[in-house]
Amino acid sequence: MSKIEYVGRAGRFLGKSLPQICLKLKNFGIGRMFTRETYKRYPEVTYYVLTDFEADMSDEYLRRGVFKADVVFRGGHYGNMEIPGFKEDFQLIAKEEEKFFLERTLSLGQKWREPTKVSKFVDLPPLLKEMLVQEAKEKNIQFDENELKLPLNIRTNSPFSHATYE
Amino acid sequence: MLKSVTNSVFSSFKSLSIEQTRSIRLRKPPWVPRAKNKRFWIPPLKQQDRDEHNYMIPIWNKYKAEMRSVYLLFKTVAKFSDKESAKAQEEKKKQMEKEYKQLEENDQVNAEILKKQLEEENLKLETKKKEAELDFIKQKKIEELYLTKADKIVGKLIEKSKNFIDPNNLEYEIEKALNERYDHNFSIDSSGRFFKAKTIVTKSEAFDPKFIPKSTQSILPDTSSQQKNTELAETSP
């Protein structure tokens, strides 16, 4: 083989954008499964099951549009949401291989790891603590140094949050 | 041996970070093309230690969470933020007062303008009314003039109709016209007035052979001259 020299910047995407695949399929690929190359780094299984497909045909590269799918990320269900179909990272899964992916998905409420438990109060940064102590002493406010703590604000409501208070 | 780039590319798919570089040429001017050996140069993909990355991520998350909560603490409890600091609040108040004053002034100006506009519209209406009245009066006069004109024309025709000839009595009328006699013994002014013995006289009286103006009878000093005049008048054709 003659020496091959590739040209251009390398990236981590390997695949096609969603419209580039789906405009060749029956019913525009609704109901079919897709994976992404970037999510193959995890041992668990991630895939999308398409539900809505509306591509912008005025795009010459066939990347733009609105796409919705049921997301399964690392085995856990995350519901129906919009996915970035413009990324040239998607790979179609053959119908014989869908079984492989379905076996490795977890049940509805289960996620790929348990949520991290976090305490509600954390130590203040030291400089801030000293400033507050000095301020309190000037104003003659009584306080307990052990109670001078920072309340941690964490997002627990969204579907992408894997942390909870203890 | 030149390394093929395929190995580095496929291994980089599993890497987690890519650095992108930008090059600046300091020695050469920008219109000179790139050197041959650098034309298709690809920046090297620097891979990071996976262990280092796995160690750093939870530390980062912890740090970011704490700093975010400090920021939120300042924002909520101490009400500190770039937008809502003491100075900013004062400036906000001043601006609100300014706007309030400006709106009041604007309302005043609008009211004055409204007044003027209403006055102008009232004036317009009044002028229209007066003009309409004048036009009405004019039209009335014009109609009256038409009527008077028509009356005149009709009166003239009525006067003339007295002299209209009946086609049944044609022969009688012809004989009558032939037997008529006119007196041409009168004088005419340049303006067309008829005179008979220095007295103004109408057209019919001028041609009338039997008409004698009365002033001659009064002015006449002698009876002999009076008689002569009467003889003259009789003998004239």
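I take a pocket to be an open set of grid points with protein on both sides within 12 Å along at least five of seven lines. The model I am working from is predicted.

**Entry 1, the largest pocket.** I looked up its volume, which comes to about 1,400 Å³. The lining has 43 residues, and those closest to the centre are A:Arg113, A:Phe160, A:His162, B:Ile57 and B:Asn61.

I sorted the lining residues by class and got 23 nonpolar, 8 polar and 12 charged. Next I asked which element gives the largest share of the lining. H2(B) does, with 12 residues. That helix spans 50-76 of chain B. From chain A, strands S2 (47-55), S3 (65-73), S4 (76-82) and S6 (116-118) each supply at least two lining residues.

I checked the domains of chain A against the lining. Domain 1 (18-103) and domain 2 (116-165) both contribute residues, so the largest pocket lies between them.

- A:Lys40 meets A:Glu37 at 3.6 Å, N to O. A:Lys40 is partly exposed at 46% relative accessibility. A:Glu37 has 17% relative accessible area, and buried means under 20%, so A:Glu37 is buried.
- A:Glu135 meets A:Lys139 at 3.7 Å, N to O. A:Glu135 is partly exposed at 41%. A:Lys139 stands at 54%, and the cut-off for exposed is over 50%, so A:Lys139 counts as exposed.
- B:Asp189 meets B:Arg193 at 3.0 Å, N to O. B:Asp189 is partly exposed at 26%. B:Arg193 is partly exposed at 41%.

Terms used. Residues numbered from 1 in each chain as written. Chains lettered and ligands numbered in written order. Predicted model: local features only at pLDDT ≥ 70, side-chain atom pairs only at ≥ 80, totals over all residues. Heavy atoms only, no water. 1 Å grid on protein atoms, 1.4 Å probe; cavity = no way out; pocket = protein on both sides within 12 Å on 5 of 7 lines; lining within 4 Å. Points joined across faces, edges and corners; volume = space filled by probe spheres on them. Helix = DSSP H or I, 4+ residues; strand = E, 2+ residues; numbered from the N terminus. Nonpolar A, V, L, I, M, F, W, Y, C, P; charged D, E, K, R; others polar. Domains from an automatic or database assignment. Salt bridge = Lys/Arg side-chain N within 4 Å of Asp/Glu carboxyl O. Buried < 20%, exposed > 50% of the residue type's maximum accessible area, 1.4 Å probe, protein only.
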